[in-house]
Every structure is written in structure tokens, then in C-alpha cells.
Amino acid sequence: MHRVVALLVCLVVGARAGTVSVAPNRYEREGRIVGGEDTTIRAHPYQVSLQKKGGSHMCGGSLISHNIVVTAAHCLQGYKASTFWVRLGSTLYNEGGVRIAAEKIIYHEKYDHQTMQFDVGLIKLTESVLETEDIRYIELARTTPETGTPAVVTGWGSKCHLWCMSLPKVLQAVTVYIVDWMKCASDAYKYGDIVKDTMVCAYEKKKDACQGDSGGPLVANDQLVGIVSWGYGCASDLMPGVYADVPTLRDWIIETSKALQN
């Protein structure tokens with residue numbers, strides 16, 4: 001149910017992260033940039049790459065303070081902090097910028113890997129990061145934008161749903177449009193009531209996030225409004241990308257960020 005990293009073949013199920021799991025629901029869920037274009041870290045300086053110690057890209061994330069990254073819970077579940085490095089300030093996931101080890105990780109205590117509710121987690125870095133032209137903190141949105149608001153999702157995830165042979169090294173970006181959770185769960189789309197009030201959707205035909213984009217940012221009005229979480233396929237007709245809704249989870253993010261400093 002997440003957007004899974006598939007380095008050889010993108011025929012996987014689950015959220016958009018780095019392990020393969022079997023989806024319990026009636027469609028395949030994946031964590032999802034399809035239909036996007038090359039961009040630069042300077043255009044999206046809050047974007048980070050969450051990597052295993054070996055250097056392989058696993059998930060995306062967003063820098064929200066000098067030492068805190070927000071990502072998806074499903075990217076962190078089952079791992080220790082010592083597993084991860086975070087690369088910041090680079091257009092390429094595999095070189096450049098700075099690479100900092102994770103000191104602590106935590107995800108929402110109500111996260112449910114089957115329903116994908118509360119799919120949010122935090123990483124405390126071992127070092128503080130100063131803002132530069134290529135590294136910037138992003139503000140957390142207080143309210144969910146109205147349906148139809150343009151938003152940008154970025155990441156190094158797969159460019160297609162099936163038969164992709166590798167992930168792009170260059171950061172990708174795509175513009176999609178906000179769909180509030182109630183409309184996303186309505187008959188207008190194919191998900192039905194599996195979309196919950198801790199989620200927000202974003203949709204545009206033939207454009208979406210994909211495997212490897214999990215945990216990455218959905219940004220509107222220069223604020224973080226969503227965290228890449230799950231979807232059925234990538235850029236599938238009437239199946240929007242589904243994101244953890246940052247305004248709904250904002251208090252938990254702020255309070256837990258403070259607790260991690262202790």
C-alpha cells in the first residue's frame with residue numbers, strides 16, 4: 001500500500017516506499033512521478049532523499065527545520081534510525097549536496113499499515129542544517145487547499161507504473177490538483193470510503209507520483225500540504241494520488257518535533 005521502490009521492475013504492490021508487501025484491499029496500492037519533468041533542487045530546496053546506509057534511494061522527505069525531516073510512516077516502520085542517511089541540497093539523489101545520518105526516527109502512534117491512516121513520521125538528523133539557496137525549510141500548511149488548487153509533487157520515484165528499469169537520478173516534478181478527502185471518497189472517483197479524513201488527494205490525467213516517491217512533498221502556495229502516501233497504480237484513470245493531510249496532522253508534527261529535541 002505504499003509507493004514501493006522497484007529498482008529493476010516496477011511491478012510491486014503496497015505504499016510508495018522500499019519494501020514489497022501484499023495489499024489487503026481490492027486494488028493494488030502503491031506509494032507514486034509519472035508525466036513529470038526534470039527540475040532542480042534550487043526550485044524545491046526542501047526536498048530530501050531518504051536513503052539506506054548503502055546509498056540507495058528509498059523515500060522522499062521534506063526539511064521542516066534545522067534538524068527535522070517529515071516523511072511517511074510507512075517509510076520508517078520496521079527500521080532503526082541507524083539504517084538511514086538523508087541527502088539534502090542536491091538535484092541528484094546519488095551525489096552532491098550533503099549527506100547526514102539519522103539520529104532518531106518516530107512515526108505516528110495511530111499509523112495503520114492497512115488503512116494508511118496517520119501516515120506521517122519524523123527523522124531527527126545528527127547535525128543541524130543551515131539554510132542555503134539549495135537547502136530551505138518549508139512551512140507546514142494550516143488549512144487544506146480547496147479542491148482544484150494546483151500543487152506540485154516532487155521526487156526521484158519511478159516514471160511509470162510497470163516495466164521501468166531504473167529510478168531517475170534527476171529530481172522530477174509534476175503539477176497536480178487538490179481533491180479534498182470527501183470528494184476523493186465520493187462516486188466521482190474509484191476509491192470509495194477507503195479514503196479517510198487524515199488524507200488529501202491530488203489528481204491530473206496521466207500525471208502522478210510513483211514508486212520511490214513515498215514520504216515526499218506535495219506543495220501548494222509554498223506550503224507543505226501533503227506527504228506522498230499511497231495510490232492504486234500510478235497515474236491511473238480516476239485514481240488520484242493519496243497523501244497524508246499535513247494540516248490535519250500539523251499539531252502532531254510540531255509537538256513531536258519538539259519532543260525529539262530532548
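The model I examined is a predicted one.

**Entry 1: overall make-up.** I looked up the secondary structure and found three helices and 16 strands in the chain. I then turned to burial: 57% of the 262 residues count as buried.

**Entry 2: nonpolar cores.** I asked which residues have the most contacts inside the largest nonpolar core. They are Leu88, Leu125 and Ile253, in a core of 37 residues. Helix α3, residues 246-260, gives the most to this core, contributing five residues. I also noted a second, separate core of 16 residues, with Ala73, Met116, Met199 and Cys201 among them. In soluble globular proteins, nonpolar side chains tend to be buried together.

With neighbours within four places in sequence set aside, leucine 88 is in contact with Val48, Leu63, Gly97, Val98, Ile100, Leu125, Val129 and Ile135.

**Entry 3: backbone angles.** Most residues other than glycine have a negative phi. I recorded phenylalanine 118, whose phi is positive, near 55°. Phenylalanine 118 sits in the loop between β8 (98-107) and β9 (121-125).

I recorded aspartate 222 as well, with a positive phi near 60°. Aspartate 222 lies in the loop that joins β14 (217-220) and β15 (223-230). Is aspartate 222 buried or exposed? The relative accessible area of aspartate 222 is 69%, and the cut-off for exposed is over 50%, so I list aspartate 222 as exposed.

Technical notes: Residues are numbered from 1 along each chain as its sequence is written. This is a predicted model: local features need pLDDT of at least 70, side-chain atom pairs count only at pLDDT 80 or more; totals for chains, interfaces and linings use all residues. Side-chain values use heavy atoms; hydrogens and water are left out. Helices (H or I, at least four residues) and strands (E, at least two) are DSSP runs, numbered from the N terminus. Buried means under 20% relative accessible area, exposed over 50%, partly exposed in between (1.4 Å probe, protein chains only). A nonpolar core is a set of buried Ala, Val, Leu, Ile, Met, Phe, Trp, Tyr and Cys residues joined through side-chain atoms within 4.5 Å. Contact means heavy atoms within 4.5 Å.
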